[in-house]
Amino acid sequence: MAYTERIDGRKFDELRPMEAKAGVIPNADGSALVKAGKTTAYAAVYGPRELFPRFKQNPKTGIVRCHYGMMPFSGSGERIRPGNSRRSQEIAMVMEKSLNAMIDLSAFPNAVVDIYVDLPQTDAGTRCAAISAASIALADAGIPMKDMISSVAVGEVDGTVVADLSYDEEAYDAIVSDIPVAMTHNTKEITLLQMDGEISKENLMKALEMAKVGTETVYELQMKALKDKFSRSD
Amino acid sequence: MSNILKNEREVVIPGEALAEGMDYLPGDNTYREGDKIFSKVLGLVGVAGRVMKITPLSGPYLPTTGDKIIAKVFDITMSGWRFKTNTAYSAMMNVKDASSRFIKRDEDLSKILAIGDYAVVTITKVTSQNLIDLTMKEPGLHQVSGGRLVKINSQKVPRIIGKQGSMISLIKDKTGCNITVGQNGIVWIKGDSDKELLAEKAVKMIEARSHEEGLTSKMEKFLTGGAQ
């Protein structure tokens, strides 16, 4: 039985209803909120600030440090132990690598830009929401970057290529693949590409094409969030 | 064919194309790739002749020689003081730059500036690694005493000051407070306590609405309405 209709009734290339807002945390230098369906990500950016421990300082450029955290009852399953885990460390690392591609901190040697992403509610696609939110927050903080990074997950559920999988789809009882993709806007360079599951070569290419369109939708949303912050208040 | 793709004073985000064609040049906070010029930060578009530039709406303070800043002493060394500058970098002030009077070799430096004190100082030198040298020997530079300190985004400092200081002198006139604005985004307000509060509100309001036009007249209304 092939996957002919999506569980939540979306079209195969349709993303979940999304929402984005910039400047939601007053104490941070830059911040953002991204909602994709039931997944909610808050990103806060601090810095550039002094980097300790000192051996991590790079005299040639500033560095980016990411923190990713799912809140204890954010998932639909068991309570998640707060704090660092193998999974959160990995996601923080891929976020760092994905965002670093476009950030230019050459004017801030030895310094660090800290990005904290917390997720009060999750329903798959957290690292994508985290990257999209972090990108807005970085722009909001005035960090020099060459381009925005937009991220969306694509994949295959029982032979059908779909965009922005929900948790129910990831857990579908068939062959499923989940491919988080992050792309720049102008050049469509891929800065994040991971995969869980299996997919055929043809479908992978189809999925990446779908990601190109999907990230463009996310980009429009990111742009709107940033520009809305500076629309006239009266 | 060269043309500008954005209007002047339009808000752009990083990576947005500003102009195409080789007739335009990339200025502050922009870069060229191929025949297009792109923005590097979130800010307002500016066109100065053939140069495209972006005025950032937010962002960190970049220490620059000649800037007057307000900094905090956090360490005292053999040869001077170390200051926190509200950036990722600390600054150094040598004993000889602290005062025009002679400071003896065995004098207690904490009698002049103690740890935790703030001072209005000028940046005399910045290296490529952002090591900063300060001086307190120029006129108008002194220790901060009394009043209150307000932190704002350093990119909003020009708006707080206004054209030829119009905004800052408006606030000074209406509140009767002494106000010193550090380029690093620290504002020192000293006056009657209720007037200090009003001045602080005014500064915060300018920070929040800095991208709007006609702000000086709006401020005038706010200060005359709120002063009574």
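Chain A and chain B bury about 2500 Å² between them, and carbon and sulfur atoms account for 57% of that area. Keep in mind as you look around that this is a predicted model. The contact draws on 32 residues from chain A and 28 residues from chain B.

Which elements of chain A give two or more residues to the side that touches chain B? They are strand S3 (39–50), helix H2 (126–140) and helix H4 (201–229) of chain A. Of these, H4(A) gives the most, with 5 residues. Sorted by class, the side of chain A that touches chain B has 16 nonpolar, 6 polar and 10 charged residues.

Now let us turn to chain B by itself. Its domain assignment gives domain 1 (3–56), domain 2 (68–143) and domain 3 (148–224). The centres of domain 2 of chain B and domain 3 of chain B, taken over C-alpha atoms, are 26 Å apart. Where these two domains meet, domain 2 of chain B contributes 9 residues and domain 3 of chain B contributes 10 residues.

The area buried between domain 2 of chain B and domain 3 of chain B is about 810 Å², with 66% of it from carbon and sulfur atoms. Within domain 2 of chain B, the residues that lose the most area to domain 3 of chain B are Lys68(B), Ile70(B) and Asn86(B), which together make up 63% of what that side buries.

What about polar links between these two domains? The interface of domain 2 of chain B and domain 3 of chain B has 0 salt bridges, while 4 residue pairs are in polar contact, both residues at pLDDT 80 or more. Strand S9 (68–76) and strand S12 (118–126) of chain B are the elements that give two or more residues to the domain 2 side of this contact. S9(B) provides the largest share of that side, 3 residues. By class, the domain 2 side has 4 nonpolar, 4 polar and 1 charged residues.

Technical notes:
Residues are numbered from 1 along each chain as its sequence is written. Chains are lettered from A and ligands numbered from 1 in the order in which they are written. This is a predicted model: local features need pLDDT of at least 70, side-chain atom pairs count only at pLDDT 80 or more; totals for chains, interfaces and linings use all residues. Side-chain values use heavy atoms; hydrogens and water are left out. Domain bounds come from an automatic or database domain assignment. Contact means heavy atoms within 4.5 Å. Buried area is the accessible area (1.4 Å probe) that two parts lose on being put together, summed over both. A salt bridge is a side-chain nitrogen of Lys or Arg within 4 Å of a carboxyl oxygen of Asp or Glu. A polar contact is a pair of N or O atoms within 3.5 Å; within protein, one must be able to donate a hydrogen and the other to accept it, and residues adjacent in sequence count only if both atoms are side-chain atoms. Helices (H or I, at least four residues) and strands (E, at least two) are DSSP runs, numbered from the N terminus. Ala, Val, Leu, Ile, Met, Phe, Trp, Tyr, Cys and Pro count as nonpolar, Asp, Glu, Lys and Arg as charged, and the others, Gly among them, as polar.
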